[in-house]
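Subject: Structure for your files

Hello,

Please find the structure below. My notes on what was found in it come after.

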There are 2 protein chains.
Amino acid sequence: MSLILEEFLPYRFNRLAEALSRNASQAYRSEYGLTRPEWRAFALLGHKGMMTATEIAYFSTMHKTKVSRALFKLEQKRWLRRTADENDRRLEQITLTERGRAAYDRLVPMMMTVETEILAKLGPKNAAALQQGLAALEALYLDPADRRNAGESPLAWQDAGE
Amino acid sequence: MSLILEEFLPYRFNRLAEALSRNASQAYRSEYGLTRPEWRAFALLGHKGMMTATEIAYFSTMHKTKVSRALFKLEQKRWLRRTADENDRRLEQITLTERGRAAYDRLVPMMMTVETEILAKLGPKNAAALQQGLAALEALYLDPADRRNAGESPLAWQDAGE
DNA sequence: TTGTAATAGTTGAAATTGTAACTATCAAGA
DNA sequence: TCTTGATAGTTACAATTTCAACTATTACAA
């Protein structure tokens, strides 16, 4: 019995994930010098407005230390501001600065284009098939559980642990 | 304008790739103490029989230094043997040892089961949709180009570079 | 030949990531 | 109040990965 790596699902996903990420990262890396962890935190902040670091870790599926370092870099760029939470001083409420918001507004259309182009190149049939397959997999493998990378969960239903 | 990270294709792929890999790695990690790079090189060797390190890098889409270190570990386990190529002494022809072959024969069925279970849980419709979507993406984004991680290409059509 | 460029593979060092420990704060019960 | 235990976030250290040389060998043209 023999296994063909190129046909093995986890391997195919890893390879495609790398390829798509490399493609997408062109925009935020070359234009704004962002790394992938930084882009993820930034994208969440731009979309949601105000978040804590733990929430960012949760929604980005990144470990809290990775988030901590990404936020540090974004802070250095003066793209975000932290304010202590009045009710719970362990928390930092994080928002984009004017400067950060401006960058977000310039970057997001570029990233939208990346996505649109992928789907356009696929064509409607393949795109629909892909969406269906991904959604089904997500429902099985990471929705809503399996966020082991994200450190502590800020939501009610706790992480299942390793 | 706002971008929802959870719906962004590169992010979805990264998340699923991580989840599927974690799922699959259970078998080779807990049973045989293999890392992912080691598993990939091992799987290729088991399937193809005899390869050079460069070929392994090519087919596994891993950088040649990563392959070099993975092969070192597999050699320590006495799972593979290297023999100098007669015609070109830069090359090492690598094959599994008896011991390595035995491990392969025990491990592959486990990995096949992993794959089969994923597809079974998806059901025939979703599985077919997924396969179609993945194949289309692969044709666009990594077949046959986009092997930038693999170091030098051992085949005729050269790497496009960064 | 000889010199130049290319390839196979390894290794050292820098950069990135993950793990564990740490500080500070909060929650809740004795 | 005073514990004990949990959570938010950072940091030190270890493991991994990437990048840049480096050795050895081959190819090929002057």
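Helix 4 of chain A gives the most to the surface near DNA strand D, with 4 residues. Please keep in mind throughout that this is a predicted model.

By class, the surface near DNA strand D has 8 charged, 7 polar and 5 nonpolar residues.

DNA strand C is surrounded by 20 residues, of which A:R89, B:A53, B:T54, B:S68 and B:R90 are the closest. At least two residues of the surface near DNA strand C come from each of helix 4 (64–76) of chain A, helix 3 of chain B and helix 4 (64–76) of chain B. Helix 4 of chain B gives the most here, with 4 residues. The division by class for the surface near DNA strand C is 8 charged, 7 polar and 5 nonpolar.

The two protein chains

Chain B is superposed on chain A by a rotation of 180 degrees with 0.0 Å of shift along its axis, at an RMSD of 0.1 Å. That is the relation of a two-fold axis. The same surface serves both copies, since 98% of the contact residues of chain B recur in chain A. Of the residues of chain B, B:A129 comes closest to the rotation axis, with its C-alpha at 2.3 Å.

In the interface, 49 residues of chain B are in contact with 49 residues of chain A. On the side of chain B that touches chain A, the elements giving two or more residues are helix 1 (9–32), helix 2 (36–48), helix 3 (53–60), helix 5 (98–122) and helix 6 (124–141) of chain B. Helix 1 of chain B gives the most to that side, with 13 residues. By class, the side of chain B that touches chain A has 30 nonpolar, 12 polar and 7 charged residues.

Helix 1 against helix 1

Helix 1 of chain A also meets helix 1 of chain B. The axes of helix 1 of chain A and helix 1 of chain B come within 8 Å and cross at roughly 150 degrees. That makes helix 1 of chain A roughly antiparallel to helix 1 of chain B. Their crossing is left-handed. On the chain A side, the residues are A:L9, A:P10, A:F13, A:N14, A:L16, A:A17, A:L20, A:S21 and A:A24. On the chain B side, they are B:L9, B:P10, B:F13, B:N14, B:L16, B:A17, B:L20, B:S21 and B:A24. By class, this contact of helix 1 of chain A with helix 1 of chain B has 14 nonpolar, 4 polar and no charged residues.

Packing within chain A

Two helix pairs within chain A are also worth a note. Helix 1 (residues 9–32) and helix 5 (residues 98–122) of chain A pack at an angle of about 155 degrees, with their axes 9 Å apart. That makes helix 1 of chain A roughly antiparallel to helix 5 of chain A. Helix 1 of chain A passes helix 5 of chain A in a right-handed crossing. From helix 1 of chain A the contact takes A:N23, A:A24, A:A27, A:Y28 and A:Y32, and from helix 5 of chain A it takes A:A103, A:L107, A:M110, A:M111 and A:V114. By class, this contact of helix 1 with helix 5 of chain A has 9 nonpolar, 1 polar and no charged residues.

The second pair is helix 2 (residues 36–48) and helix 3 (residues 53–60) of chain A, which pack at an angle of about 110 degrees with their axes 10 Å apart. Helix 2 of chain A and helix 3 of chain A are therefore roughly perpendicular to each other. A:R40, A:A41 and A:L44 of helix 2 of chain A make the contact with A:I56, A:F59 and A:S60 of helix 3 of chain A. By class, the contact of helix 2 with helix 3 of chain A has 4 nonpolar, 1 polar and 1 charged residues.

Regards

Key:
Residues are numbered from 1 along each chain as its sequence is written. Chains are lettered from A and ligands numbered from 1 in the order in which they are written. This is a predicted model: local features need pLDDT of at least 70, side-chain atom pairs count only at pLDDT 80 or more; totals for chains, interfaces and linings use all residues. Copies are superposed by least squares on the C-alpha atoms of residues with pLDDT of at least 70 in both. Two residues are in contact if their C-beta atoms, placed from the backbone, lie within 7 Å. Axes are lines fitted to C-alpha atoms, for helices over the stretch in contact, and angles run from 0 to 180 degrees between N-to-C directions. Angles under 35 degrees count as roughly parallel, over 145 as roughly antiparallel, 65 to 115 as roughly perpendicular and the rest as oblique. A crossing is left-handed if the near helix is turned anticlockwise from the far one by less than a right angle, and right-handed if clockwise. Ala, Val, Leu, Ile, Met, Phe, Trp, Tyr, Cys and Pro count as nonpolar, Asp, Glu, Lys and Arg as charged, and the others, Gly among them, as polar. A residue is near a molecule or strand if its C-beta atom, placed from the backbone, lies within 6 Å of it.
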